[in-house]
Amino acid sequence: MSQVFSEETHRNLLARIPQCTGREISDWLRTVDEGPALRFEEKVSWLRHEYDLAYGHAKAIIHEYDLRRAARKLR
């Protein structure tokens, strides 16, 4: 997992994703979970090309996915 944005930028991007894409973050995270098992940048590229997302939005979604997955492993 890599830090891709400052925490504030990451939160701001996540807040705008539903308005920009018409889908909630939870929907995007489920899409990533059900998608192919790829490395970070490969997942970003997959989201961008498969769903026509902006680079920043795709990267924020994958980063959030990785953060939440890591948090689940710590429990």
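Read along the sequence, the protein chain runs α-α-α-α. It holds 4 helices and 0 strands; both are DSSP runs, helices being H or I with at least four residues and strands E with at least two, numbered from the N terminus. The radius of gyration is 11 Å, close to the 11 Å that the globule rule gives for 75 residues, so the chain is as compact as a globular protein of that length. That radius is taken over C-alpha atoms, and the rule is 2.2 Å times the number of residues to the power 0.38. Along the principal axes, the C-alpha atoms fill a box of roughly 30 × 30 × 20 Å.

This is a predicted model, in which local features need pLDDT of at least 70 and side-chain atom pairs count only at pLDDT 80 or more, while totals for chains, interfaces and linings use all residues. Residues are numbered from 1 along each chain as its sequence is written, and side-chain values use heavy atoms, with hydrogens and water left out.

**Core**

The largest nonpolar core has 18 residues. Such a core is a set of buried Ala, Val, Leu, Ile, Met, Phe, Trp, Tyr and Cys residues joined through side-chain atoms within 4.5 Å. Helix α4 gives the most, with 5 residues. Ile17, Leu47 and Ile61 have the most contacts inside the core. Leaving out residues up to four places away in sequence, Ile17 touches Gly22, Arg23, Ile25, Trp28, His57, Ala60 and Ile61. In soluble globular proteins, nonpolar side chains tend to be buried together.

**Contacts, surface and charge**

Contact means heavy atoms within 4.5 Å. Of the contacts with a separation of 6 or more, 51% join residues 24 or more positions apart. Buried residues make up 36% of the 75 residues. Here buried means under 20% relative accessible area, exposed over 50%, and partly exposed in between (1.4 Å probe, protein chains only). The chain exposes about 5000 Å², and carbon and sulfur atoms supply 46% of it. The areas come from the Shrake-Rupley method with a 1.4 Å probe. The mean positions of the 13 positive and 12 negative charges are 4 Å apart. Lys and Arg count as positive, Asp and Glu as negative; His and the chain ends are not counted. Each charge is placed at NZ of Lys, CZ of Arg, CG of Asp or CD of Glu.

**Individual residues**

Ser6 sits in the segment before α1. Its relative accessible area is 41%, so Ser6 is partly exposed. Arg72 belongs to helix α4. With 48% relative accessible area, Arg72 is partly exposed too. Asp52 lies in the loop between α3 and α4. Asp52 is exposed, at 72%. Phi of Asp52 is near 55°, a positive value in a residue other than glycine. Most residues other than glycine have a negative phi.

Some C-alpha separations follow.

| Pair | Apart in sequence | C-alpha distance |
|---|---|---|
| Ser6 and Cys20 | 14 residues | 20 Å |
| Asp52 and Arg68 | 16 residues | 23 Å |
| Arg72 and Arg30 | 42 residues | 15 Å |
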